[in-house]
Structures are given as structure tokens and as C-alpha cells.
Amino acid sequence: MCTVCGCSGDGATISEAHGPSHSHAHSHGHDHPHTHADGTTHSHGHDHAHDHAHGHDHDHPQHHDDHPHPAPDAGTLDYGAGPARAHAPGLTQARMVEIETSILAKNDDYAGRNRTRLDAAGVLALNLLSGPGAGKTTLLVETLKALSGRIPCAVIEGDQQTDNDAARIRAVGTPAVQINTGKGCHLDAHMVGHALEKLPLPPGGVLFIENVGNLVCPAAFDLGETKRVTLISVAEGEDKPLKYPDIFEGADLVLITKADLAPHVDADMAVLEANIRRINPTADILTTSSRGEIGLSRWINWLEAARAARLNDLASAREAEASALRAAAGGAR
């Protein structure tokens, strides 16, 4: 897991919304202001707490919880059975939990600030997660074409390198900011906060955040999104939800993509859906294809319903705030 392996956002670059004319590099240990929609400025300093992450801690002997726990199958070494659910050489399970808690607490603070900004703009923000090649960008391109002229949209693209995906999004007329994470294998809320500063948010619209293609690390990081959408293509295998449960467990929606390929890869759709349900009984599951008869209609309908529900919830909250203010004003007379 990234919270203990030493991976960070150092070296990440962020493009402008309409092209790569400028980039923002994250250098380790820096401290800089981050201005939000409400006009407040926060100083963002990096402290990734990897004092032990790149070597053995010689002051503390290895404890028994460093060793893998035996699994029912004698041929399996289970490094995910301890409290940290991960392993790093030279770190005890307790130290790993401590590091993870520190990193995620800082990330959650940034995520809360992003969420406040998105709430103020009435934006439905979707965090799209999947392994490489599941079809996130193709799905986005076709979705943006279908929504053109109906719902305003913007996109944040996350990849280790290149701005290929952002260029594809801009080609259909949608503003997109590319985040290149360098060696980082996921987006975090700090990166997304900087991207939001460069992106014209569509009031009442939809923000798509396409995360780095990775079935493990992105699951741990809240970006300030409204909902999480996990994609899995029919060609990836029906057991993927069981092998990589975290990315499916936190999803509000699971999209089964490239459904037109199912007959050609011997995909058992019933087994795949059953495995998704074993991990996440409450998520919506939709089957999609960017080509062919199956199409994107159910996905588009889900998007429109989610956006309407989001706007209604925000309107109700603001009406309640306004009523409370009027009542307070009346009492002050």
C-alpha cells in the first residue's frame, strides 16, 4: 500500500486546463500557499513520514508481527493478515499503521477542502478507478460526446507520464487538466486541489477525475469526490474483485466495461457480478460498452440521476441554512 511503501507525489506536474503550457512541480519538503474558492489561503507542507521507509530501523529489533501469517493453504504467505494489512521490510505492523494514519489524516484534510469547493460550485465529482486498460478514457470521451450541450463537464486526468489522455479529452471540447504523478501510483487530494485551481469548474456540472490505472493504491485516498466509480473490463477475469477487494469495496458504482468483447474472451458475466456482490453488496452494477448495441445509455441515465440528486441535496441544505439565518435575524430584532 502506498501509505507505507514510500511512494509520494514528489515530482508530480499539473498542466493547464486547455493545454500543457505550464506545469506545477511538487518538490519534496516544500511549503506553499493553496488558495480555495472561499478566498482563504492555506500553507501546504509535505511531511510524508518516511524516516524508516527506505531502510531498516536498527534501533528497534524485528518483531514477530513482521513475518507473514500462515494461510490455510500451506503454499501461501499472507502478508496482508496483520493490522496494517501490508508489509514493508524493516517496519513493524504498529509502525506501518502509525505512518498510514498520519499520511491519510493529512490527505483527508485536503480532501475536505476540495469537497467544500466542489459543494460551493454544485459540482458532482466522480473518482474513476480501475486497472490499466479497463477503458476509462474511451468511456470518458464517448460520455462527454453524449453529454455535450446538455451537462457542463470538466476532467482531471491522472497518469504517471504523458498528457495523452488529457489531449483526447480536450479534443472533444472539454477542459482537462493533466496530473503526471512521476513515480507515484495514485492521485491524492493535494494534487487534485492544485488541479482544481487551474480548472474552470462547471457550476452545477460534472467533474470526472480519472485516477492512475492501478487496482490497489488509489483505493486508500479520498480526493474530495462525491462518488467513486470502479471500472473492470470483461477481459480482466471474473476473480478480480476477490483479488483486489479494496478498490471494489469502496465503490458506489461498478461499471463492467467492454461488454461487447464478452463472447470473445469467454467472460462469465454472472460470476463476475456475483464476485462484485460478495465484496460490495450495495454498489450499483452496470454493464457498458463504448461500441456496439450495449452502449452507454444506462451509464448516462445513472449520471443524470446522480447529478439531479446532488443538486437537490445541495439546494435543500442551502435552503435550511437560509431558514436558520432568517430565524436568527428575526430573533435579533
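This note goes through the predicted model from its overall make-up to single residues.

1. Basis. The model is predicted, so local features need pLDDT of at least 70 and side-chain atom pairs count only at pLDDT 80 or more, while totals for chains, interfaces and linings use all residues. Residues are numbered from 1 along each chain as its sequence is written, and side-chain values use heavy atoms, with hydrogens and water left out.

2. Overall make-up. Among contacts with a separation of 6 or more, 69% join residues 24 or more positions apart, where contact means heavy atoms within 4.5 Å.

3. Surface and burial. Of the 333 residues, 48% count as buried. Buried means under 20% relative accessible area, exposed over 50%, and partly exposed in between (1.4 Å probe, protein chains only).

4. Strand E12. Thr 287 lies in this strand, which covers residues 284–287. Its relative accessibility is 18%, so Thr 287 counts as buried. Beyond its neighbours within four places in sequence, Thr 287 has contacts that include Ile 256, Met 269, Glu 273 and Arg 298.

5. Cysteines. No disulfide (a pair of cysteine sulfur atoms within 2.5 Å) turns up in a search of the whole structure. Cys 153 is buried at 13% relative accessibility, and Cys 217 is buried at 10%.

6. Salt bridges. Side chains of opposite charge can pair when their charged atoms come close. The whole structure has eight salt bridges, each a side-chain nitrogen of Lys or Arg within 4 Å of a carboxyl oxygen of Asp or Glu. One of them joins Asp 222 and Arg 115 at 2.9 Å, N to O. Asp 222 is in the loop between strands E9 and E10 and Arg 115 is in helix H2, so the pair ties together parts 107 residues apart in sequence. Arg 115 is partly exposed, at 28%.

7. Two further pairs. Glu 142 and Lys 145 form a salt bridge at 3.5 Å, N to O; they are three residues apart in helix H3, about one helical turn. Glu 142 is partly exposed at 27%, as is Lys 145 at 48%. Glu 225 and Arg 228 meet at 2.7 Å, N to O. Here Glu 225 is buried at 6% and Arg 228 is buried at 12%.

Conventions
Helix = DSSP H or I, 4+ residues; strand = E, 2+ residues; numbered from the N terminus.
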